[in-house]
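Please find below some notes for a colleague who is reading this entry for the first time. They are meant to be read with the sequence and the structure side by side.

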Protein chains: 2
Amino acid sequence: MAYQENINQAANPKAGGKEGRGITPRAEDYSRWYLDIVKEAELADHSAVRGCMVIRPNGYSIWEKMQRELDNRFKATGHVNAYFPIFIPVSFLSKEAEHVEGFAKECAVVTHYRLRRAEAGKGVEPDPASILEEPLIVRPTSETIIWSAYKEWIHSYRDLPILINQWANVVRWEMRTRLFLRTAEFLWQEGHTAHATEEEARAETYRMLEVYRDFSENVMAMPVIRGAKTAAERFAGAVESLSIEAMMQDGKALQAGTSHYLGQNFARAFDVTFQNSQGLRELVYATSWGVSTRLIGALIMTHSDDAGLILPPKLAGTQVVIVPIYKNDDEKAKVYAEIDRVAQELQAQELTVHVDRREGVLPGAKFYEWELKGIPLRIEIGPKDLEKGSLCLARRFVLEILGETEKAMRARKKMFLPRAEALAKIKPILAEMQQQLFDRALQFRNQRSRVINSLEEYEKFFKEEGGGFAWVHWAGAADEEELMAKKYQTSIRNIPLDGQAPAGAEGAGPCILTGRPSTQRVVMAESY
Amino acid sequence: MAYQENINQAANPKAGGKEGRGITPRAEDYSRWYLDIVKEAELADHSAVRGCMVIRPNGYSIWEKMQRELDNRFKATGHVNAYFPIFIPVSFLSKEAEHVEGFAKECAVVTHYRLRRAEAGKGVEPDPASILEEPLIVRPTSETIIWSAYKEWIHSYRDLPILINQWANVVRWEMRTRLFLRTAEFLWQEGHTAHATEEEARAETYRMLEVYRDFSENVMAMPVIRGAKTAAERFAGAVESLSIEAMMQDGKALQAGTSHYLGQNFARAFDVTFQNSQGLRELVYATSWGVSTRLIGALIMTHSDDAGLILPPKLAGTQVVIVPIYKNDDEKAKVYAEIDRVAQELQAQELTVHVDRREGVLPGAKFYEWELKGIPLRIEIGPKDLEKGSLCLARRFVLEILGETEKAMRARKKMFLPRAEALAKIKPILAEMQQQLFDRALQFRNQRSRVINSLEEYEKFFKEEGGGFAWVHWAGAADEEELMAKKYQTSIRNIPLDGQAPAGAEGAGPCILTGRPSTQRVVMAESY
């Protein structure tokens with residue numbers, strides 16, 4: 001979209017748009033653009049181990065902020081954290097018939113528990129005398145190991161509900177990996193709850209989906225569509241899978257979180273029963289729900305631009321960076337004295353502030369770097385500001401005004417304000433930026449969403465017009481979903497919950513593929 | 001010690017001392033006592049996977065508090081968090097000669113990346129077609145994988161220092177496990193820093209030891225001895241290893257944290273050089289330092305008693321529990337109205353409060369349970385308190401007064417105070433309890449520390465008098481350390497840094513074993 005091409009020129013001309021040192025423009029190569037940002041903003045690296053990533057401090061600080069926000073929400077809804085073993089005996093996987101199909105395929109298998117010296121000079125090798133009786137897999141998800149523990153804890157209805165979350169690493173062996181989006185190891189949280197009734201468990205499934213929506217929209221500034229997965233796309237072992245789906249800047253969908261109602265499947269597999277209040281034994285009802293470091297990929301692709309990363313202020317490890325400007329030692333001393341005062345005043349406002357004290361790096365290069373790294377607000381402080389008693393605030397982005405020149409937009413990013421006014425305005429400016437990011441992303445999603453009633457229109461949307469979210473009627477079977485996937489590289493992202501359909505998408509109609517009657521539209525899209 | 005047997009009778013007579021339902025008294029079986037507390041306070045469980053534990057919510061909440069406190073200290077000293085892969089190629093282990101000896105022995109080895117269906121009815125098995133070219137181990141510690149990443153990040157002195165910490169799970173295959181103290185998988189943090197000079201790296205090693213001391217003493221209320229490990233006890237690959245050592249209630253030492261100066265060993269192994277400010281290439285200097293969930297075991301064994309867990313208020317997930325007392329619905333309504341007001345006022349003081357609203361459980365049973373679970377302060381609220389406008393505060397413990405009767409001590413645990421006074425006193429009471437725990441542990445350590453100058457006295461101390469920390473002169477070699485270990489089951493815990501020696505332990509003297517001159521005493525003890 002043109003506005004995104006335009007609005008984000010760094011204040012320093014050197015960093016302007018396509019002349020940026022390291023970032024490939026989105027229009028040129030979207031995938032490259034994404035990886036350039038991950039690399040140049042020092043968010044993550046490939047590691048020496050195939051498919052595994054190193055999450056660098058800049059990337060990890062985003063995850064820490066996400067964790068804090070999510071964890072607070074989990075606790076506010078009555079959940080507690082715990083930790084279960086990373087290893088799962090392979091026999092556990094087989095206990096739930098569908099689960100084994102979903103997770104046995106690509107996982108890391110531990111077969112030995114010791115190394116020994118290999119022949120001289122050849123280092124070490126697995127010791128054949130240390131073969132495990134039963135191989136272990138590194139958890140791809142923890143339903144099985146957790147339900148084997150719940151069996152010990154649950155006896156009566158008084159032991160229910162169990163509302164536990166776990167922050168952990170998981171491993172799913174992936175052949176084609178992409179930093180944050182798809183890696184062999186990733187970090188996530190997985191909630192695993194146990195309930196006395198179906199009603200309560202189903203309510204929990206929806207409650208956590210709402211927690212994810214709230215977090216995505218109000219913290220990540222990323223609008224999402226809440227809905228149910230089709231049977232074909234359900235979690236292996238679930239009765240119902242819900243998801244939130246976000247739109248990336250290339251129009252593709254990204255599944256940002258899932259919440260599953262597992263019925264009594266895992267309770268049956270692990271024989272977990274409880275005595276209900278009438279004294280009868282019953283199988284326990286379950287849910288599980290999770291989000292992962294994939295969200296960092298989603299965050300990048302929702303907001304960033306050709307100048308680099310854009311972070312919503314609520315997830316920025318540093319919200320304000322202060323760059324000193326001076327020509328000699330006398331100026332330097334005065335400027336730093338003011339910077340220390342300003343930094344202190346901002347910290348007193350509970351803002352996170354970084355002062356860029358590096359010597360031998362020009363201010364322009366610093367501006368460029370902090371824009372690349374997505375710091376929401378920059379304060380420049382030099383001798384002129386001291387004289388005037390003012391501060392220069394530079395936003396990481398401003399929203400496009402139609403017909404505006406690049407120069408005008410660049411000017412609009414900077415505000416010169418009297419000192420006291422500037423300090424009082426920083427929090428409101430950050431709040432405004434947070435809101436603008438959401439509004440812009442929502443506007444983008446709306447522009448790229450289409451209510452579609454024929455396969456011709458559908459084909460045109462995806463093959464000629466760039467695609468996006470297609471709201472279509474669907475009443476097909478699993479093999480027909482596959483057919484659509486093969487023909488258009490699209491899938492049903494979810495069957496949206498009520499109240500989210502755009503104008504013209506309400507009501508019943510004929511399935512776009514089969515013509516069979518459908519009561520409600522689904523969202524189809526290409527996806528990550 | 002007698003005072004610990006005496007002081008901690010629960011307010012409810014049912015829960016008194018040796019009549020406690022589930023806790024074996026320390027005097028009867030110390031190991032059993034420890035495991036009883038872990039189990040009865042629901043801190044951790046054995047899992048279905050040999051040697052791996054489940055950390056239950058009560059145990060995990062202690063870890064979360066520890067993490068928050070440590071993480072704040074790491075950040076205050078300039079560190080940032082990151083995340084590195086869980087897998088390490090086996091060849092990496094061999095790159096540092098000593099490191100491979102230390103860690104190749106007992107580790108989980110991943111050899112396959114896929115499972116397949118076994119013969120009908122036999123579940124799944126590793127797919128022979130998925131053998132990894134190079135086996136991977138699950139990290140026992142991350143020096144190697146991290147230094148392989150640092151090689152990519154470090155080019156010039158401007159890239160230094162790197163001050164990174166990681167919160168992670170690690171695996172060391174253990175044959176004999178004990179919940180929290182020794183398990184195959186455990187949680188920890190590992191700092192890995194890179195520096196341009198030896199001086200700076202050595203200073204970092206000591207700085208982090210001091211962070212650990214501060215945390216142990218001021219948060220865990222657990223006094224520690226800071227010192228250097230002997231060559232025989234050094235971390236595999238370190239030039240110098242420092243530790244903090246705490247004394248448990250059975251007089252044994254527990255290594256509570258370590259900080260290592262690694263010199264240029266890992267830089268050499270992974271060829272990590274930088275251009276110094278004179279333009280010359282040099283190998284980078286390294287440190288690493290860590291503490292683990294083992295600290296939860298240390299916490300239990302430092303403070304708890306025969307009535308169950310005792311938590312320092314700074315690590316209690318719930319600091320105050322409120323138990324309602326009523327006989328009928330009318331009383332119940334009034335009592336809960338007051339409880340809601342009290343809870344709100346305490347939350348406004350930023351205290352964590354839990355109201356025990358369970359029906360069908362008698363107040364006495366609740367008192368017992370919350371004492372068992374280590375909640376520092378209990379408030380009982382009943383109709384009489386409403387009438388009098390007072391609150392009943394019951395501490396988890398009070399310190400012994402010599403010659404006092406059990407009844408008097410039990411009475412002293414409860415305070416009936418006018419409402420406003422009670423609410424104002426809770427924070428000071430918790431602070432006092434925090435300090436009392438430290439003082440008591442320090443007093444205990446002092447009582448069980450001895451300056452020893454002959455092997456006869458040494459033998460008597462450990463074989464007849466229960467043992468503890470023996471301050472002895474030492475100038476032996478590694479094989480002589482082993483000899484002491486075999487003969488007395490003791491080891492040199494560390495060579496204490498200056499300023500910690502008890503009276504009479506200063507100055508030079510002859511080695512207790514060899515008679516060779518020694519300039520400084522070491523601490524010898526049995527250990528976990």
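Predicted model: local features only at pLDDT ≥ 70, side-chain atom pairs only at ≥ 80, totals over all residues.

The numbered points below go from the whole chain to its sheets, then to single residues, and end with the pair of chains.

1. Overall dimensions of chain A. Along the principal axes, the C-alpha atoms of chain A fill a box of roughly 80 × 65 × 55 Å. A compact globule of 528 residues would have a radius of gyration near 24 Å, and the 26 Å of chain A agrees with this.

2. Burial and surface. Of the 528 residues in chain A, 60% are buried.

3. Contacts and secondary structure. Among the contacts in chain A with a separation of 6 or more, 72% are between residues 24 or more positions apart. Chain A has 16 helices and 27 strands.

4. The 11-strand sheet of chain A. As a general point, strands of a sheet pair through backbone hydrogen bonds, and the pairing is either parallel or antiparallel. In chain A, 11 strands form an open sheet with mixed pairing, in the order 3-9-10-16-13-12-11-24-27-23-22. Strand 3 (80-81) and strand 22 (449-451) of chain A are at the edges; each has a single partner strand, so one side of each has no neighbour in the sheet.

5. One pairing within that order. Strand 12 (residues 240-247) and strand 13 (residues 253-263) of chain A run antiparallel and are joined by 8 bridges. A:Leu242 has A:Ser259 of strand 13 of chain A opposite to it.

6. Helices lying across the strands. Which strands does helix 3 of chain A lie across? Helix 3 (residues 57-76) of chain A lies across strand 3, strand 9 (162-171), strand 10 (185-195) and strand 16 (285-292) of chain A, and runs at about 165 degrees to strand 9 of chain A. Helix 7 (residues 198-218) of chain A lies across strand 9, strand 10, strand 11 (225-228), strand 12, strand 13 and strand 16 of chain A. The angle between helix 7 and strand 16 of chain A is about 10 degrees.

7. Strand 19 of chain A. Is strand 19 of chain A mostly covered or mostly open, and how many of its residues are buried? Strand 19 (residues 377-381) of chain A is mostly covered, with 5 of its 5 residues buried. A:Leu377, A:Ile379 and A:Ile381 point one way from the strand, while A:Arg378 and A:Glu380 point the other way, and all are buried.

8. Partners of strand 19. Strand 17 (residues 320-324) of chain A runs parallel to strand 19 of chain A, and 5 bridges join them. Within this part of the chain, A:Val323 has A:Glu380 in strand 19 of chain A as its bridge partner. Strand 20 (residues 390-395) of chain A pairs with strand 19 of chain A in the antiparallel sense over 4 bridges. Here A:Arg378 stands opposite A:Ala394 in strand 20 of chain A.

9. A:Leu455. A:Leu455 is in helix 15 (residues 455-463) of chain A. Leaving out residues up to four places away in sequence, A:Leu455 touches A:Met484, A:Tyr488, A:Ile512 and A:Leu513. A:Leu455 and A:Leu283 are 172 residues apart in sequence, and their C-alpha atoms are 45 Å apart in space.

10. A:Asp271. This residue lies in the loop between helix 8 (265-269) and strand 14 (273-275) of chain A. A:Asp271 has 46% relative accessibility and therefore counts as partly exposed. The C-alpha atoms of A:Asp271 and A:Glu190 are separated by 21 Å, and the two residues are 81 apart along the chain.

11. The sheet in chain B. Chain B has an open sheet of 11 strands with mixed pairing, in the order 3-8-9-15-12-11-10-23-26-22-21. Its edge strands are strand 3 (80-81) and strand 21 (449-451) of chain B, each pairing on one side only. Strand 22 (residues 469-473) and strand 26 (residues 521-525) of chain B pair in the antiparallel sense over 4 bridges, with B:Val472 opposite B:Val522 of strand 26.

12. How the chains are related. Chain A is superposed on chain B by a rotation of 180 degrees with 0.0 Å of shift along its axis, at an RMSD of 0.0 Å. The two copies are therefore related as by a two-fold rotation axis. In chain A, the C-alpha nearest the axis belongs to A:Val110, at 2.1 Å from it. The same surface serves both copies, as 100% of the contact residues of chain A recur in chain B.

Terms used. Residues numbered from 1 in each chain as written. Chains lettered and ligands numbered in written order. Heavy atoms only, no water. Least-squares fit on C-alpha atoms with pLDDT ≥ 70 in both. Contact = heavy atoms within 4.5 Å. Pairing = 2+ DSSP bridges. Helix = DSSP H or I, 4+ residues; strand = E, 2+ residues; numbered from the N terminus. Axes fitted to C-alpha atoms, helices over the stretch in contact; angles between N-to-C directions. Rg over C-alpha atoms; globule rule 2.2 N^0.38 Å. Buried < 20%, exposed > 50% of the residue type's maximum accessible area, 1.4 Å probe, protein only.
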